[in-house]
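Q: I would like to go through this structure step by step. Could we begin with a term that will be needed later?
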Amino acid sequence: SPSSIGRYVFDPYLLVLAKVEQELVRVKDYASDALVLRLASSCTVSKLHELNSDDIGNASVTAVSLMFMRCRLYAINSRKTSWWVRASLSYMSLLWFTSFHNHRAVGSYA
């Protein structure tokens, strides 16, 4: 079921349309921080921006979600950043990702 924030959804298919590298879209190594950093890079966000999609809301939610994934990873792995910056980044990403809602088809209980 799609995850939405307001009227917009996180749309991973936009990454395919933006021609993001296939190894970043279809992940095989789920423990690799390097893949997340490459996926949540300015290059990926630029590709989403250059897509010039009519559905700018979904592209924006997808780009902001990638940014918050990167912030969360930085908050976890940073060793030189103060505790309050790491806590703030973790809290902001928590707020963003817990603001999503899952929609199910009517009559679906799975």
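Predicted model: local features only at pLDDT ≥ 70, side-chain atom pairs only at ≥ 80, totals over all residues.

Q: Which residue is the bridge partner of Ser4 in E3?
A: The bridge partner of Ser4 in E3 is His101. Strand E1, residues 3-5, pairs with E3 in the antiparallel sense, over two bridges.

Q: In what order do the three strands of the sheet lie?
A: The order is E2-E1-E3 in an open sheet, with antiparallel pairing. Strand E2 (8-9) and strand E3 (101-102) are the edge strands, and each of them pairs on one side only.

Q: What holds strands of a sheet to one another in general?
A: Strands of a sheet pair through backbone hydrogen bonds, and the pairing is either parallel or antiparallel.

Q: Stepping back, how many helices and strands are there in the chain?
A: The protein chain has six helices and three strands. Read from the N terminus, its elements follow the pattern β-β-α-α-α-α-α-α-β. The C-alpha atoms fill a box of roughly 45 × 30 × 25 Å along the principal axes.

Q: And what percentage of the residues is buried?
A: Of the 110 residues in the protein chain, 30% are buried.

Q: Which residues make up the largest nonpolar core?
A: That core has 12 residues in all, among them Leu14, Leu15, Leu35, Leu39, Ala59, Ala63 and Leu66. H1, helix H3 (33-39) and H5 each give two or more residues to this core. The largest share, three residues, comes from H5.

Q: Changing topic, how many aromatic pairs are in the whole structure?
A: A search of the whole structure finds three aromatic pairs. One of them is formed by Phe68 and Trp96, which are stacked, with 5.6 Å centre to centre and 25° between the planes. This pair links distant parts of the chain, since Phe68 belongs to helix H5 (residues 56-77) and Trp96 to helix H6 (residues 83-98), 28 residues apart.

Q: Are Phe68 and Trp96 buried or exposed?
A: Phe68 is buried because its relative accessible area is 12%, and buried means under 20%. Trp96, with 18%, is buried as well.

Q: Why is the pair of Trp96 and Phe100 edge-to-face?
A: The planes of the two rings stand at 90°, so the pair is edge-to-face; the ring centres are 5.7 Å apart. The reasoning rests on a cut-off, because planes over 60 degrees apart count as edge-to-face. Phe100 is buried, with a relative accessible area of 15%.

Q: Which residues form the aromatic cluster?
A: Phe68, Trp96, Phe97 and Phe100 form one aromatic cluster.

Q: How many salt bridges does the structure hold?
A: The structure holds one salt bridge. In this salt bridge, the side chains of Arg38 and Glu21 meet at 2.5 Å, N to O. Arg38 lies in helix H3, while Glu21 is in the loop between H1 and helix H2 (22-25), so the pair ties together parts that are 17 residues apart in sequence.

Q: What are the relative accessible areas of Arg38 and Glu21?
A: The value for Arg38 is 34%, and this residue is partly exposed. Glu21 is also partly exposed, with 39%.

Q: Last topic: which residues make the nonpolar surface patch of about 270 Å²?
A: Tyr13, Val16 and Leu17 make this patch. Val16 lies in helix H1, residues 13-17. With a relative accessible area of 36%, Val16 is partly exposed.

Technical notes: Residues numbered from 1 in each chain as written. Heavy atoms only, no water. Phe/Tyr/Trp six-rings, centres within 6.5 Å; stacked < 30°, edge-to-face > 60°. Helix = DSSP H or I, 4+ residues; strand = E, 2+ residues; numbered from the N terminus. Buried < 20%, exposed > 50% of the residue type's maximum accessible area, 1.4 Å probe, protein only. Patch = residues over 30% accessible without salt bridge, like charges linked within 9 Å, V, L, I, M, F, W, Y side chains within 5 Å. Areas by Shrake-Rupley, 256 points an atom, 1.4 Å probe, with all protein chains shown as cover. Salt bridge = Lys/Arg side-chain N within 4 Å of Asp/Glu carboxyl O. Pairing = 2+ DSSP bridges. Core = buried A, V, L, I, M, F, W, Y, C linked by side-chain atoms within 4.5 Å.
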